[in-house]
Amino acid sequence: LATGRYWVDPIKASGDIVAVGIDKASIDSMGAWPWDRRLHAQMIDNLYAAGAKRVAFDIDFYGDAKGTKEFGEALARHDKKTWLLVLSETDTGREEAGRLPVPALAEHARFASSRTRHLANIAQYMHPAPLNGTPLPSLSTVLAGKENDPDVPERIRINYGIDIADIPYLSA
(Lines give C-alpha, C1' and ligand atoms only; values in the text may rest on other atoms or scores of the structure.)
Protein backbone atom coordinates (compact mmCIF):
# COMPACT_ATOMS: atom_id res chain seq x y z
CA LEU A 1 0.00 0.00 0.00
CA ALA A 2 2.80 2.42 0.84
CA THR A 3 4.39 1.83 -2.55
CA GLY A 4 1.13 2.68 -4.27
CA ARG A 5 0.81 5.86 -2.21
CA TYR A 6 4.23 6.96 -3.45
CA TRP A 7 2.94 6.95 -7.04
CA VAL A 8 -0.30 8.73 -6.20
CA ASP A 9 1.00 11.32 -3.76
CA PRO A 10 4.74 11.99 -4.24
CA ILE A 11 6.49 14.12 -1.64
CA LYS A 12 8.29 17.27 -2.79
CA ALA A 13 11.98 17.26 -1.78
CA SER A 14 13.00 20.07 0.59
CA GLY A 15 16.00 21.12 -1.50
CA ASP A 16 18.22 21.02 1.62
CA ILE A 17 20.23 18.14 0.20
CA VAL A 18 22.04 18.37 -3.14
CA ALA A 19 23.18 15.18 -4.85
CA VAL A 20 26.54 15.35 -6.63
CA GLY A 21 26.70 12.51 -9.09
CA ILE A 22 29.41 10.54 -10.75
CA ASP A 23 27.79 10.47 -14.16
CA LYS A 24 28.73 10.37 -17.85
CA ALA A 25 29.43 14.12 -17.97
CA SER A 26 31.80 13.99 -15.00
CA ILE A 27 33.61 10.91 -16.29
CA ASP A 28 33.91 12.51 -19.74
CA SER A 29 35.37 15.61 -18.06
CA MET A 30 37.57 14.08 -15.34
CA GLY A 31 38.42 10.66 -16.72
CA ALA A 32 37.68 7.06 -15.86
CA TRP A 33 36.70 5.98 -12.37
CA PRO A 34 38.23 5.66 -9.81
CA TRP A 35 39.52 9.20 -9.74
CA ASP A 36 42.69 10.57 -8.24
CA ARG A 37 41.71 11.67 -4.74
CA ARG A 38 42.95 15.19 -5.50
CA LEU A 39 39.70 15.58 -7.45
CA HIS A 40 37.73 14.70 -4.31
CA ALA A 41 39.82 17.23 -2.36
CA GLN A 42 38.97 19.88 -4.93
CA MET A 43 35.31 18.87 -4.74
CA ILE A 44 35.28 19.26 -0.95
CA ASP A 45 36.81 22.74 -1.15
CA ASN A 46 34.41 23.78 -3.94
CA LEU A 47 31.33 22.50 -2.10
CA TYR A 48 32.19 24.29 1.15
CA ALA A 49 33.06 27.47 -0.78
CA ALA A 50 29.61 27.25 -2.38
CA GLY A 51 27.98 27.16 1.07
CA ALA A 52 27.65 23.47 1.93
CA LYS A 53 27.23 22.89 5.68
CA ARG A 54 28.38 19.27 5.44
CA VAL A 55 29.58 16.93 2.74
CA ALA A 56 28.96 13.18 2.81
CA PHE A 57 30.50 10.70 0.39
CA ASP A 58 28.60 7.56 -0.54
CA ILE A 59 31.79 5.95 -1.85
CA ASP A 60 34.55 4.30 0.13
CA PHE A 61 38.14 5.51 0.44
CA TYR A 62 40.06 2.44 1.57
CA GLY A 63 43.71 1.97 0.84
CA ASP A 64 46.36 4.51 0.01
CA ALA A 65 45.57 5.72 -3.50
CA LYS A 66 46.96 8.55 -5.60
CA GLY A 67 46.03 11.91 -4.08
CA THR A 68 45.34 10.58 -0.57
CA LYS A 69 47.62 13.21 0.99
CA GLU A 70 45.80 16.08 -0.73
CA PHE A 71 42.41 14.57 0.13
CA GLY A 72 43.47 14.35 3.79
CA GLU A 73 44.60 18.01 3.69
CA ALA A 74 41.18 19.05 2.33
CA LEU A 75 39.49 17.11 5.12
CA ALA A 76 41.73 18.93 7.62
CA ARG A 77 40.79 22.33 6.16
CA HIS A 78 37.17 21.46 6.95
CA ASP A 79 37.91 19.50 10.13
CA LYS A 80 35.20 17.01 11.15
CA LYS A 81 32.62 18.47 8.73
CA THR A 82 32.96 15.81 6.03
CA TRP A 83 31.48 12.34 6.36
CA LEU A 84 33.08 9.27 4.82
CA LEU A 85 31.40 5.93 4.29
CA VAL A 86 32.48 2.88 6.26
CA LEU A 87 31.20 -0.40 4.87
CA SER A 88 30.03 -3.12 7.22
CA GLU A 89 32.09 -6.28 6.98
CA THR A 90 28.98 -8.35 7.65
CA ASP A 91 27.19 -6.88 4.64
CA THR A 92 29.99 -6.82 2.08
CA GLY A 93 32.34 -9.68 2.79
CA ARG A 94 35.15 -7.39 1.63
CA GLU A 95 38.41 -7.56 3.54
CA GLU A 96 38.75 -3.77 3.84
CA ALA A 97 35.15 -3.34 5.03
CA GLY A 98 34.63 -2.71 8.70
CA ARG A 99 37.80 -0.62 8.97
CA LEU A 100 38.34 3.10 8.91
CA PRO A 101 40.11 4.62 5.90
CA VAL A 102 43.86 5.25 6.01
CA PRO A 103 44.97 7.53 8.90
CA ALA A 104 45.59 10.50 6.56
CA LEU A 105 41.82 10.54 5.96
CA ALA A 106 40.47 9.19 9.24
CA GLU A 107 41.95 11.92 11.45
CA HIS A 108 39.82 14.80 10.14
CA ALA A 109 36.67 13.05 8.89
CA ARG A 110 33.52 11.70 10.50
CA PHE A 111 32.10 8.31 9.61
CA ALA A 112 28.75 6.88 8.64
CA SER A 113 27.45 3.52 7.53
CA SER A 114 25.21 2.55 4.66
CA ARG A 115 24.34 -0.82 6.18
CA THR A 116 20.97 -2.03 4.94
CA ARG A 117 18.65 -4.96 5.50
CA HIS A 118 16.32 -6.27 2.81
CA LEU A 119 13.08 -8.16 3.19
CA ALA A 120 11.52 -8.91 -0.19
CA ASN A 121 11.51 -5.52 -1.93
CA ILE A 122 11.57 -3.49 1.29
CA ALA A 123 14.95 -2.04 2.21
CA GLN A 124 15.78 -0.49 5.57
CA TYR A 125 18.84 1.40 6.72
CA MET A 126 20.24 0.10 9.99
CA HIS A 127 21.04 2.75 12.59
CA PRO A 128 23.45 2.69 14.26
CA ALA A 129 25.84 0.24 12.62
CA PRO A 130 28.70 -1.08 14.75
CA LEU A 131 32.35 -0.69 13.80
CA ASN A 132 34.68 -2.49 16.19
CA GLY A 133 32.13 -1.97 18.96
CA THR A 134 31.60 1.73 18.19
CA PRO A 135 28.18 2.68 16.81
CA LEU A 136 28.22 4.64 13.55
CA PRO A 137 25.20 6.63 12.38
CA SER A 138 23.60 5.64 9.13
CA LEU A 139 24.34 7.86 6.17
CA SER A 140 20.62 8.62 5.93
CA THR A 141 20.56 10.07 9.46
CA VAL A 142 23.66 12.14 8.69
CA LEU A 143 22.02 13.58 5.59
CA ALA A 144 18.94 14.42 7.67
CA GLY A 145 21.11 16.04 10.38
CA LYS A 146 19.79 13.49 12.91
CA GLU A 147 22.99 11.55 13.63
CA ASN A 148 22.85 12.47 17.34
CA ASP A 149 19.08 12.14 17.77
CA PRO A 150 18.37 9.43 20.38
CA ASP A 151 14.86 8.93 18.98
CA VAL A 152 16.01 7.68 15.58
CA PRO A 153 14.80 4.07 15.25
CA GLU A 154 17.22 1.20 14.68
CA ARG A 155 15.58 0.34 11.36
CA ILE A 156 14.79 3.22 9.02
CA ARG A 157 12.41 2.53 6.17
CA ILE A 158 13.45 4.16 2.93
CA ASN A 159 10.86 6.68 1.81
CA TYR A 160 10.42 6.14 -1.90
CA GLY A 161 7.73 8.82 -1.98
CA ILE A 162 10.18 11.68 -2.44
CA ASP A 163 10.22 12.66 -6.08
CA ILE A 164 13.81 12.16 -7.24
CA ALA A 165 13.33 14.81 -9.92
CA ASP A 166 12.91 17.39 -7.10
CA ILE A 167 16.33 16.69 -5.54
CA PRO A 168 18.83 19.31 -6.72
CA TYR A 169 21.55 17.57 -8.72
CA LEU A 170 25.04 18.56 -9.83
CA SER A 171 27.40 16.54 -11.97
CA ALA A 172 30.68 16.05 -10.15
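Trp-83 has Arg-110 as its bridge partner in β4. The model is predicted: local features need pLDDT of at least 70, side-chain atom pairs count only at pLDDT 80 or more, and totals for chains, interfaces and linings use all residues. Residues are numbered from 1 along each chain as its sequence is written, and side-chain values use heavy atoms, leaving out hydrogens and water. Helices (H or I, at least four residues) and strands (E, at least two) are DSSP runs, numbered from the N terminus.

**The sheet**

- An open sheet is formed by 3 strands in the order β2-β3-β4, with parallel pairing.
- β2 and β4 are the edge strands, each pairing on one side only.
- Two strands count as paired if DSSP finds at least two bridges between them.
- Strand β2 (residues 55-56) runs parallel to β3 and is joined to it by 2 bridges.
- Ala-56 has Trp-83 as its bridge partner in β3.
- On the other pairing, β3 meets strand β4 (residues 110-113) over 4 bridges, also in the parallel sense.
- Phe-111 in β4 stands opposite Leu-84.

**Strand β3**

- Strand β3 (residues 82-86) is largely enclosed by the rest of the structure, because 5 of its 5 residues are buried.
- Buried means under 20% relative accessible area, exposed means over 50%, and partly exposed lies in between (1.4 Å probe, protein chains only).
- Thr-82, Leu-84 and Val-86 point one way from β3. Trp-83 and Leu-85 point the other way.

**Helix α4**

- β2, helix α4 (residues 68-77) and β3 make a right-handed β-α-β unit.
- Right-handed means that, with the strands pointing away from the viewer, the path from the first strand over the helix to the second runs clockwise.
- The buried residues of α4 are Thr-68, Phe-71, Gly-72, Ala-74 and Leu-75.
- These residues fall within an arc of 160° seen down the axis of α4, so they line one face of the helix.
- The arc is taken from the directions from the helix axis to the C-beta atoms.
- The buried residues of α4 pack against α3 (37-49), β3 and α6 (103-106).

**Ile-22**

- Ile-22 sits in the loop between β1 (19-21) and α2 (24-30).
- Ile-22 counts as partly exposed because its relative accessibility is 39%.
- Not counting residues up to four places away in sequence, Ile-22 touches Ile-27, Trp-33, Trp-35, Ile-59 and Tyr-169. Contact means heavy atoms within 4.5 Å.
- Ile-22 and Ala-172 are 150 residues apart along the chain, yet their C-alpha atoms are separated by 5.7 Å.
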